[in-house]
Amino acid sequence: MVDSKFAIEMQRVGLQLGNQNFQFDCRLPTGAVIAVTGASGAGKSTFLNLLAGFDTALKGRILIAGKDVTEVYPAQRPVSLVFQDNNLFAHLDIFTNIGLGINPSLKLTTANCRTISSSLEKVGLAGFERRMPGTLSGGERQRVAFARALVRNRPVLLLDEPFAALDPGLRNGMAALLLDMHRETGNTVVVVSHDPDEVKRIADFGLFLEDGRIVVAAPIDEFLGRADHPGLTQFLRS
Ligand SMILES: Nc1ncnc2c1ncn2[C@@H]1O[C@H](COP(=O)(O)OP(=O)(O)OP(=O)(O)O)[C@@H](O)[C@H]1O
């Protein structure tokens, strides 16, 4: 049965990469900002890759927005992605890069074209349609990646350390933009973060991963108050 309270369910999801074994079990609330934390190598990117479909579960089931996506190709999953290097095509202008988020074959209607321009306005880049990615700053390129996620309009947004490459001032601005987008769309946001301050500022729900497993999963107040897990305590103090 589909339970709309949960945007994401992982049921005994198992995977082996090299020597590392992963086992994920979780139910994550719809409409929340969910922070994925843990030490380097704990499995945060693998967790996100399983949701995006870039890694395939060897066993178990993954449900997103109530739909079993375990066997579904990445492009067909109800997710949009913003990764650290923002994955823009360098030889295509900003309009085309965002258009690919709507239709990979770039058959765009007039309404689609308006949506692209309005997404650029929302991220503070009105008029940037014909600029090439190489002429933009790192922060501007990241804004384009957000605009592309906006036009895809999927129920779940996955972000892998989206602000790590930005300087601290820009990082706060982008986090605020993420929250604005989240409030406007009501989507569920899953964001990998190494930064405890960022987690405190933006998350409603926290996950702490260790050795390929989720060892703490809790609403943010409980997550921040947990004193029974040395790894989490160390992360929150870092
Ligand atoms: N394709 C792969 N082949 C072999 N080992 C892998 C592969 N992908 C990931 N691993 C290993 O699995 C573990 C978890 O990797 P993952 O990238 O998910 O960690 P992470 O928590 O995102 O780390 P970081 O914070 O450093 O990015 C690491 O030990 C990594 O070396």
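Analyst: A crossing of two helices is left-handed if the near helix is turned anticlockwise from the far one by less than a right angle, and right-handed if it is turned clockwise. The crossing of H3 and H4 in this predicted model is right-handed. The model uses local features only at pLDDT of at least 70 and side-chain atom pairs only at pLDDT 80 or more, while totals for chains, interfaces and linings use all residues. Residues are numbered from 1 along each chain as its sequence is written.

User: Why are H3 and H4 called oblique to each other?

Analyst: The axes of H3 and H4 cross at roughly 130° and come within 9 Å. Axes are lines fitted to C-alpha atoms, for helices over the stretch in contact, and angles run from 0 to 180 degrees between N-to-C directions. Under 35 degrees is roughly parallel, over 145 roughly antiparallel, 65 to 115 roughly perpendicular, and the rest oblique. H3 and H4 are therefore oblique.

User: Which residues of H3 and H4 meet?

Analyst: Thr115, Ile116, Ser119, Leu120 and Lys122 of H3 meet Ala147, Leu150 and Val151 of H4; contact requires C-beta atoms, placed from the backbone, within 7 Å. Five of these residues are nonpolar, two polar and one charged. Ala, Val, Leu, Ile, Met, Phe, Trp, Tyr, Cys and Pro count as nonpolar, Asp, Glu, Lys and Arg as charged, and the others, Gly among them, as polar.

User: What makes H4 roughly parallel to H5?

Analyst: Helix H4 (residues 138-152) packs against H5 at an angle of about 10°, with the axes 11 Å apart. That angle makes H4 roughly parallel to H5. Gly139, Gln142, Phe146 and Leu150 of H4 contact Leu170, Met174, Leu177 and Met181 of H5. The contact of H4 with H5 has six nonpolar, two polar and no charged residues.

User: Why are H2 and H3 described as oblique?

Analyst: Helix H2 (residues 94-102) and helix H3 (residues 110-122) pack at about 120°, with axes 10 Å apart. H2 and H3 are therefore oblique to each other. H2 passes H3 in a right-handed crossing. Phe95, Ile98, Gly99 and Ile102 of H2 form the contact with Asn112, Ile116 and Ser119 of H3. By class, four residues of the contact of H2 with H3 are nonpolar, three polar and none charged.

User: What is the mean pLDDT of the protein?

Analyst: The mean pLDDT, the predictor's confidence per residue from 0 to 100, is 91, and 98% of the residues reach 70 or more. Among the elements, helix H5 (residues 168-185) has the lowest mean pLDDT (85) and strand E9 (residues 205-210) the highest (98).

Terms used
Helix = DSSP H or I, 4+ residues; strand = E, 2+ residues; numbered from the N terminus. Contact = placed C-beta atoms within 7 Å.
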